[in-house]
Amino acid sequence: MRDYNGTKIIGIDHGYGNIKTANTVTPTGIIRYENEPVFSGSILEYQGVYYRVGEGHKEFVADKATDEDYYLLTLMGVARELNIAGIREADVH
C-alpha cells in the first residue's frame, strides 16, 4: 500500500489461482454462506452474506471484471491490506 497525498493506493493482482497484494497471497476459492459460519478464518461479510475466502481455486473466468466473485475477492484484498496497516475505518471516495 502506498500513500499519495493522504490517499491510500492498494494494488491488487487478480490472478486465476491467487489474488495478490503487496503483503498477501490468497487462493481465489470463495464459498458463500447465508448464515454466519461457526468457524473462524478468512471470512468476508458483505451485504448480510458471509463468504469464506481462500479455500481452493476458482475455475477459469474469461472476464473477471464482470464476475461477482472477483469483486468480493477485491474487497478481501483491500480489507487485508488495511488490516496490515492497522487501519480499521476508511472513507470511500
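**View 1. T26 and the residues around it.** Setting aside its neighbours within four places in sequence, T26 is in contact (heavy atoms within 4.5 Å) with G17, N18, I19, V53, G54, M76 and R80. With R80 there is also a side-chain to side-chain polar contact of 2.4 Å; a polar contact is a pair of N or O atoms within 3.5 Å, where within protein one must be able to donate a hydrogen and the other to accept it, and residues adjacent in sequence count only if both atoms are side-chain atoms. T26 sits in strand 5 (residues 25–27) and is buried at 2% relative accessible area (buried is under 20%, with a 1.4 Å probe and protein chains only). Strands (E, at least two residues) and helices (H or I, at least four) are DSSP runs, numbered from the N terminus.

This is a predicted model: local features need pLDDT of at least 70, side-chain atom pairs count only at pLDDT 80 or more, and totals for chains, interfaces and linings use all residues. Residues are numbered from 1 along each chain as its sequence is written, and side-chain values use heavy atoms, leaving out hydrogens and water.

View 2. Strand 7 (residues 43–46) and strand 8 (residues 49–53) run antiparallel, joined by 4 bridges; strands pair if DSSP finds at least two bridges between them. I43 has R52 as its bridge partner, and Y46 has V49. There are 2 residues between the strands, and Q47 takes a positive phi near 50 degrees.

Note on methods: Buried means under 20% relative accessible area, exposed over 50%, partly exposed in between (1.4 Å probe, protein chains only).
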